[in-house]
There are 2 protein chains.
Amino acid sequence: MSLIVAKFGGSSVSDAASIRRVAGRIAQMRLDGHEVVVVVSAMGDTTDELIELAEQVSDGAEQPRREMDILLTAGERISMALLALAIHSFGVKAQSFTGQQAGVLTDSAYGNARIIDVTPSRISKCVGKGNVAIVAGFQGVNVDSNDVTTLGRGGSDTTAVALAAALHADVCEIYTDVDGVFTADPRIVPTARRIDVVTSEEMLELAANGAKILHLRAVEYARRYGVTLHVRSSFSMLEGTRVITPAPGEEHAMEAPIISGVAHDRSQAKATLVGVPDVPGAAARIFETVAAAGANIDMIVQNVSVQGTGETDISFTLPAADIAVVRPALDALAQELGYREVQYRDNIGKLSLIGAGMRSHPGVSAKLFGALRDAGVNIEMISTSEIRLSVVTSSDDLDTAVRAVHTAFGLDAAEVEAVVYGGTGR
Amino acid sequence: MSLIVAKFGGSSVSDAASIRRVAGRIAQMRLDGHEVVVVVSAMGDTTDELIELAEQVSDGAEQPRREMDILLTAGERISMALLALAIHSFGVKAQSFTGQQAGVLTDSAYGNARIIDVTPSRISKCVGKGNVAIVAGFQGVNVDSNDVTTLGRGGSDTTAVALAAALHADVCEIYTDVDGVFTADPRIVPTARRIDVVTSEEMLELAANGAKILHLRAVEYARRYGVTLHVRSSFSMLEGTRVITPAPGEEHAMEAPIISGVAHDRSQAKATLVGVPDVPGAAARIFETVAAAGANIDMIVQNVSVQGTGETDISFTLPAADIAVVRPALDALAQELGYREVQYRDNIGKLSLIGAGMRSHPGVSAKLFGALRDAGVNIEMISTSEIRLSVVTSSDDLDTAVRAVHTAFGLDAAEVEAVVYGGTGR
């Protein structure tokens, strides 16, 4: 018998029939002898519908975040209660709990709150009695005023991982509408292959660089607390993908491919400040200003100073949605720093090659650049981390680039290179 | 400046446009200088839709009441947050609160919980800062386990009255989709007239005998705590009906008509036990049995024992919906008591004539029976209270009966008799 935390996303509970299908699966887990805690998202498009209603009643006025959070958490209350009712109809007892009742305590950052602590005593008691506990994902209660908060889009993943950590669950299963984590987005790369096992470190890079299958914060949380994630489909019985966090020192004992996958991201834009005086502190002032405006910068490129001009160009990428807040701030700063103009481009795409094996394998970047050259793709920016190589291309070239790189690194189905680190050698 | 508790029902907030209309009205109350606490129901048919979803996922299985209550309270969370957003857009600050946050503490009778206490410190604080407080109607939290409970259908009225009592509000306004309390249902009696003022005692009888405009429990609560209710339309600026509770001793100082109105009820059925042995304790056993089955009995008639047979017939009325639970209980009891059969009829109607003035005016019953005789309506059962006279007729005759009685007692528009009690005499 093991303790399973299982999270079901909105597409898995989109209507009454789906809820019954999921309920049957949960009931079977319990009948198989497992202790089961379920985290559930709002049904299908509920959250989007509530946001649309909020737009209509607000008539363009600013929307207080506290009220928006109360509104949006209604979706999970509906789905969790319905799921409990459905599980009951399979002869298994189930009780549903709000984020507050499940002890999910957060800060007061409405709309994007962070979990401060999880005190799931009611959940433990419920499971201890042999019942299935259903917990509303995406929501908590702030410690300051006991008001409802939300954890941001995709926050149900985080709820599940946080509960799994607090309950010392054996595994945290993330049920979704795809069969697991793939070497690339199958809609772009038809030969993409499901990954059996990936480290949380690699998954972090995949999630941070455009793979939408897991919420970034949830993977961070899983990595920090050593929670094993199991990503799988609620529509099939396939094995899915395990996201593991090897204990320190054990990272290299596992068999792992050099490259785990290719992620892509079309949501970024590129800003270029033209003619920035090449004086100490200019870059610091620029990025302080962007950070103060609330934008998350990803890649930065500073060209070498053009001989004799004493000027340089600075480019960086940021979420396209953040241009609106950054533009006035950078326009104001132009007066102070004396750069000539700021150019914005949102038709860019980012490709990221990710693999823990990169650490010990030189030549990955040369192979990447060669593949892109052969495919006729121009590279605009480059950035790297220890286990990631990212390039920015024009958005028109992105699909071509992803397919070329996927093939070049042998990721196409049934061609994967498996490299054995440590003990046994290759 | 006064403190107003204003309740808006589901038909007043059925869509985004309605919510904006109601929000504008609330914002104006605040701008007029009043302190405002709003109680809101779920939007339009939300509750019915949630019940339908629950039916679908339960697939005929029993539905745990705790889960149903969590489900149904989602509707008010949505409407309260949307209303707060809409009020904001009119430039007035508003915060929404769940039943729990508003301090509505109940017992654990899921589905039909009773309010044990109201501790609205957060509401007082919110209003004290000049903000409008929006409270979810129909819901509370039980003191045993901190779980969400519902107060039963129409429970938002009770929430409003309980909050008005706890906050010592000047008035509790109940906004609905009709212009106030009428002397009869205007759909049956086109000449029915809006009542300006009615006592809570009369309103109790009206509500208990079929008038659906106010929840019975809310009127009881208002009467107990001396809360003045003001029933009015959210679709017009008409004056509506005030429901007042005169202080003890002052009841007779007010000007009041003999008859306040005619209520009718089509939801009752009649059960007749034929051939009950006329022995002591038989009736007690019968009504103990019916009560144990959970049915609410209204009127009871026992015929005199037929000479020489030692047998009698006992008839009573009960909600038609309760026949299903009563039937097996009474069938079983027939073995013990030896009555021959139980006949059920659900095509009956009840007419109730209500007025505090009845106390001091003999001849009301003679006038009632005369009016029904002249209209050719047969009376099947009769019951009376101090301020009420009820008769059961066939349901086919009910509309005719209501119109005839309404006319006979001069209730048709502009013909009302006003009688002055106490000081000034007639």
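Let's start with a pairing in this predicted model: strand β15 (residues 268-277) of chain A runs antiparallel to β18(A), and five bridges join them. Strands here are DSSP runs (E, at least two residues), as are helices (H or I, at least four), numbered from the N terminus, and two strands pair if DSSP finds at least two bridges between them. Local features need pLDDT of at least 70, and side-chain atom pairs count only at pLDDT 80 or more, while totals for chains, interfaces and linings use all residues. Residues are numbered from 1 along each chain as its sequence is written.

**The sheet and its helices**
- A:Lys270 has A:Arg345 of β18(A) as its bridge partner.
- Helix α10 (residues 323-337) of chain A packs on the sheet, touching β15, β17 and β18 of chain A (contact: heavy atoms within 4.5 Å).
- The open sheet has four strands, in the order β16-β17-β15-β18 (chain A), with antiparallel pairing.
- Its edge strands, β16 (300-302) and β18 (341-345) of chain A, each pair on one side only.

**The interface of chains A and B**
- Chain A and chain B contribute 42 residues each to the contact.
- About 3,400 Å² is buried between them, with 63% from carbon and sulfur atoms; this is the accessible area (1.4 Å probe) that the two parts lose on being put together, summed over both.
- A:Val57, A:Arg77 and A:Leu85 supply 21% of the area that chain A buries against chain B, more than any other three residues.

**Salt bridges**
- Four salt bridges cross the interface (Lys or Arg side-chain nitrogen within 4 Å of an Asp or Glu carboxyl oxygen).
- A:Arg20 forms a salt bridge with B:Asp59, with the closest N and O atoms 3.4 Å apart.

Notes:
Chains are lettered from A and ligands numbered from 1 in the order in which they are written. Side-chain values use heavy atoms; hydrogens and water are left out. Axes are lines fitted to C-alpha atoms, for helices over the stretch in contact, and angles run from 0 to 180 degrees between N-to-C directions.
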